[in-house]
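Subject: A structure for you to look at

Hello,

Here is the structure I promised to hand over. Please open it first, then read my notes below.

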Amino acid sequence: RHYALQRWWAHAIFDGAAGIFGFRVDVAGEDVVGHGPLLVLMRHASVADTPLPVVLLSVRHGLRMRYVLKRELLWDPCLDLVGHRIPNVFVRRGSDDGAREVAQVTKLARGLGRRDGILIYPEGTRFTPQKLVRARAAIAERGDAARVARVGALRHVLPPRLGGALALLGAAPDADVLIVAHTGFEAVGSFNDLWNGGLVGCHVRVQLWRVPRADIPDAPDGQAAWI
C-alpha cells in the first residue's frame with residue numbers, strides 16, 4: 001500500500017508540473033528496464049528530476065524502488081512518514097562516520113527480488129559547474145593522478161562518490177545496473193529557479209542503458225574504474 005501511495009504521489013506531482021509548466025519528456029531505451037533486481041545509477045541535475053525515477057520505473061514498469069536520499073529531505077512529512085515505511089536510507093552527507101552511512105546503504109540490498117531495484121545518485125548532489133571545479137580541485141589535492149585524468153574529461157556530471165555505489169555492487173552481486181541519464185532540467189537547480197519559470201517549455205530527454213552484471217568487473221578497483 002505504501003508503494004502504491006508513493007507511485008500516486010510522485011505521478012501526481014510530475015503530471016501536475018508538466019501541465020502547469022508545459023514541459024515534455026522523451027524517453028529512449030525504456031525497453032531495457034525489464035525485471036529486477038536492478039541497481040539504478042541516475043544523474044541528478046535539478047530539484048525537478050526527483051520524481052522521474054518513480055514515474056519511469058515504478059509507475060510504468062511496476063518496480064518497487066528503494067532509494068538512497070539525503071537526510072535533509074526528511075523535512076517533508078511525505079518523505080518522512082512514508083519514506084520510513086518502505087526500504088529507503090536517508091544519509092548524512094559529510095558525516096564524520098562515513099563507514100556507518102555506507103553500512104546503512106548496504107542494508108538496502110537485503111532481499112532484492114525480480115520486482116525490486118535500488119536507486120543511488122552517484123554524484124551525491126546536484127550538478128553545477130562550480131561544484132565540478134571544486135570536486136576536481138579536491139581530487140587533485142589528494143594526488144590521485146589516474147583519477148584526475150579521468151575526471152578531467154567530465155563536463156556535465158560530477159565525479160562519482162564511490163562508497164555507496166561500490167557497497168551496493170558488492171552486496172547485490174546478482175543485480176544488473178541500469179543507467180539513467182537525462183538533459184533538460186538544468187535550468188531548475190533550485191526552488192527559486194522553479195518559481196521563476198526555469199521549467200516552462202523545457203524539453204527533457206532521458207536515455208536508459210542496462211548493463212548485465214557479467215559485463216561489470218568483480219574486483220572493487222575494477223568496479224571503481226568502470227563507474
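**What I found**

Partly exposed is the range between buried (under 20% relative accessible area) and exposed (over 50%), with a 1.4 Å probe and protein chains only. The model is predicted: local features need pLDDT of at least 70, side-chain atom pairs count only at pLDDT 80 or more, and totals for chains, interfaces and linings use all residues. Residues are numbered from 1 along each chain as its sequence is written, and side-chain values use heavy atoms, with hydrogens and water left out.

**Salt bridges**

Arg64 forms a salt bridge with Asp116, and their closest N and O atoms are 2.9 Å apart. A salt bridge here is a side-chain nitrogen of Lys or Arg within 4 Å of a carboxyl oxygen of Asp or Glu. Arg64 sits in strand 3 and Asp116 in strand 5, so the pair ties together parts that are 52 residues apart in sequence. Helices (H or I, at least four residues) and strands (E, at least two) are DSSP runs, numbered from the N terminus. Asp116 is buried, with a relative accessible area of 2%.

The whole structure holds seven salt bridges. One of them joins the side chains of Arg43 and Glu186 at 2.6 Å, N to O. Arg43 lies in the loop between strand 2 and helix 2, and Glu186 in the loop between strand 6 and helix 8 (191-195), so this pair links parts that are 143 residues apart in sequence. Arg43 is buried, at 9% relative accessible area. Glu186 is partly exposed, at 37%.

Another pairs Arg210 with Asp176 at 3.0 Å, N to O. Arg210 is in strand 7 and Asp176 in strand 6, so the pair ties together parts that are 34 residues apart in sequence. Arg210 is partly exposed, with a relative accessible area of 23%. Asp176 is buried, with 16%. Salt bridges that share partners also join Arg64, Arg66 and Asp116 into one network.

**The sheet**

In what order do the seven strands of the open sheet lie? The order is 1-7-6-2-5-3-4, with mixed pairing. Two strands pair if DSSP finds at least two bridges between them. The edge strands are strand 1 (24-28) and strand 4 (89-91), each pairing on one side only. Strand 2 (residues 38-42) and strand 6 (residues 176-183) run parallel, joined by five bridges. Leu39 stands opposite Val177 in strand 6.

**Helix 2**

Helix 2 (residues 52-59) lies across several strands, including strand 3 (64-70), and runs at about 165 degrees to strand 3. Axes are lines fitted to C-alpha atoms, for helices over the stretch in contact (heavy atoms within 4.5 Å). Angles run from 0 to 180 degrees between N-to-C directions. Seven of the eight residues of helix 2 are buried, so the helix is largely enclosed by the rest of the structure. Among them are Leu52, Pro53 and Val54.

**The whole chain**

The secondary structure comes to nine helices and seven strands. Buried residues make up 42% of the 227 residues. Along its principal axes the C-alpha trace spans about 50 × 40 × 35 Å.

Best wishes
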